[in-house]
Amino acid sequence: MAVTDTAEAEHRYVINGATGDWEIVVGLEVHAQIKSKAKLFSGASTEFGGAPNTHVSLVDAAMPGMLPVINKFCVEQAVRTGLGLNAKINRRSRFDRKNYFYPDLPQGYQISQYEHPIVGEGEIECERDDGSRFLVGVERLHMEQDAGKSIHDLDPNATYVDLNRSGVALMEIVSRPHVRSPADAAAYVRTLRTILRYLDTCGGDMEKGQLRADVNVSVCRPGAYERFRESGDFSHLGTRCEIKNVNSMRFIMQAIEYEAGRQVDILEEGGTIDQETRLFDANTGVTRTMRSKEEAHDYRYFPDPDLLPLELEEDFVARIKAGLPELPAEKRKRLVESLGLSEYDASVLVSDKDRADYFEAVLEGGTDPKLAANWVNNELFGRLNKEGLTIVESPVSAEQIGKLVDLISANTISGKIGKEVFEILWAEGGDPEQIVEDKGLKQITDTSAIEAVVDELIAANPEQAAQVKEKPKAMGWFVGQVMKATQGKANPQAVNEILKTKLLG
């Protein structure tokens with residue numbers, strides 16, 4: 001079995017099986033922890049890393065007689081997210097009880113939203129690594145409470161339960177099955193996480209469980225997906241399997257690749273795909289059965305009798321909409337159209353909110369945008385990546401980068417000297433202007449001084465000077481010698497112009 005991408009324009013992931021080609025179809029259910037200090041139905045803390053069972057209220061532990069009370073701020077965060085996803089905000093929504101047994105779900109049911117979610121259909125524009133973009137439809141966003149955590153490795157004969165996460169507010173964002181490749185699935189989740197961070201509605205830290213994805217995978221013959229898009233009839237698609245709680249972009253891609261291959265192997269051997277829930281083992285790279293896939297009736301949904309339906313006033317939604325920040329797509333467009341940045345540079349800068357904020361801070365002093373983008377994207381982030389640091393951990397501040405870029409723009413120093421100053425800033429800190437002054441790094445722009453160096457070099461190397469007229473590229477040697485003689489301080493443009501005049505006439 002081989003894998004190819006036979007339609008680059010559509011970025012389809014095609015599996016070349018023994019009986020013909022197969023294509024994959026992916027839908028994702030992303031669980032995003034709402035950024036809130038308190039849980040969805042109690043005042044208990046949501047802080048990560050507390051000692052087991054220290055962030056638990058009587059409501060979270062499902063003590064008898066305890067009633068849930070909705071956290072208004074969590075509602076605001078869900079609405080804010082829906083608006084950021086260009087989705088419909090449902091003015092009336094309802095909480096339901098979803099019944100199933102988990103050892104770490106004390107109530108024996110989860111309070112969620114089923115038929116009446118707070119957010120309806122929307123759409124997300126996603127960007128691939130190559131800069132191309134694609135749209136993924138959002139079916140719904142609903143709120144629900146998280147379960148606790150079962151711990152199996154503390155005792156060979158017992159399972160421990162930590163209820164700190166029990167009752168933490170989640171947004172489940174359900175996509176349409178519009179994703180056609182593992183790479184596009186990762187791009188979708190990455191784009192969604194970036195939007196959530198811009199909105200400040202979810203931290204998006206997958207290692208802390210703030211964002212995790214349930215990945216639905218099916219395979220079908222070429223043309224079946226197009227028939228589905230035309231008709232909306234899911235029967236054109238293959239039986240899907242859901243892979244639960246995948247918590248990294250790399251694992252999402254690996255899980256899809258393995259699961260699609262597994263399904264193709266079964267179908268080509270004449271078998272059928274059982275709709276089921278599976279787990280991805282990151283150590284082996286395979287998926288394995290967790291349980292048969294439940295349907296809605298298995299959960300016995302019914303309206304939660306302890307919670308009234310949510311009725312959102314128009315002014316409430318309008319106030320949240322008015323307070324939305326500039327989102328990645330809007331910011332990218334502004335950086336390109338207003339500041340003249342390339343699409344690539346703008347996309348890199350807006351891909352992370354902290355990076356975008358840093359760049360905006362660099363520009364506060366009126367710094368040249370294009371040169372600033374080059375320094376932030378290449379010099380600064382190249383060094384941060386090498387050292388394994390994030391932008392918030394950068395030892396060089398936005399103000400320092402801004403001043404350094406200004407010195408280069410003003411021809412006070414060259415780009416090469418700028419790199420030397422950057423190294424000093426990284427290791428020792430300080431003010432770029434003062435560093436240049438103290439270390440005598442100012443660029444030599446006095447043409448008479450440069451001419452004197454050029455004349456001396458020509459006089460000392462007459463044969464090489466003569467060669468330049470026959471081979472103009474040989475002038476590069478003289479450029480290097482001038483820069484060496486001036487310790488890199490000579491203005492490169494002035495050096496080239498003087499050499500052309502002296503050597504080429």
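What percentage of the contacts in the chain with a separation of 6 or more is accounted for by residues 24 or more positions apart? Please then turn to the open sheet in the order E6-E5-E16.

Analyst: This is a predicted model, in which local features need pLDDT of at least 70, side-chain atom pairs count only at pLDDT 80 or more, and totals for chains, interfaces and linings use all residues. Residues are numbered from 1 along each chain as its sequence is written, and side-chain values use heavy atoms, with hydrogens and water left out.

Residues 24 or more positions apart account for 69% of the contacts in the chain with a separation of 6 or more, a contact being heavy atoms within 4.5 Å. Of the 505 residues in the chain, 49% are buried, that is, under 20% relative accessible area with a 1.4 Å probe, protein chains only.

The secondary structure comprises 17 helices and 17 strands; these are DSSP runs, numbered from the N terminus, with at least four residues (H or I) for a helix and at least two (E) for a strand.

In the part requested, 3 strands form an open sheet in the order E6-E5-E16, with antiparallel pairing. Two strands pair if DSSP finds at least two bridges between them. The edge strands, E6 (109-112) and E16 (302-303), each pair on one side only. Strand E5 (residues 96-99) is joined to E16 by 2 bridges, and the two run antiparallel. Within this pairing, Asp96 has Pro303 of E16 as its bridge partner.

Methods:
Buried < 20%, exposed > 50% of the residue type's maximum accessible area, 1.4 Å probe, protein only.
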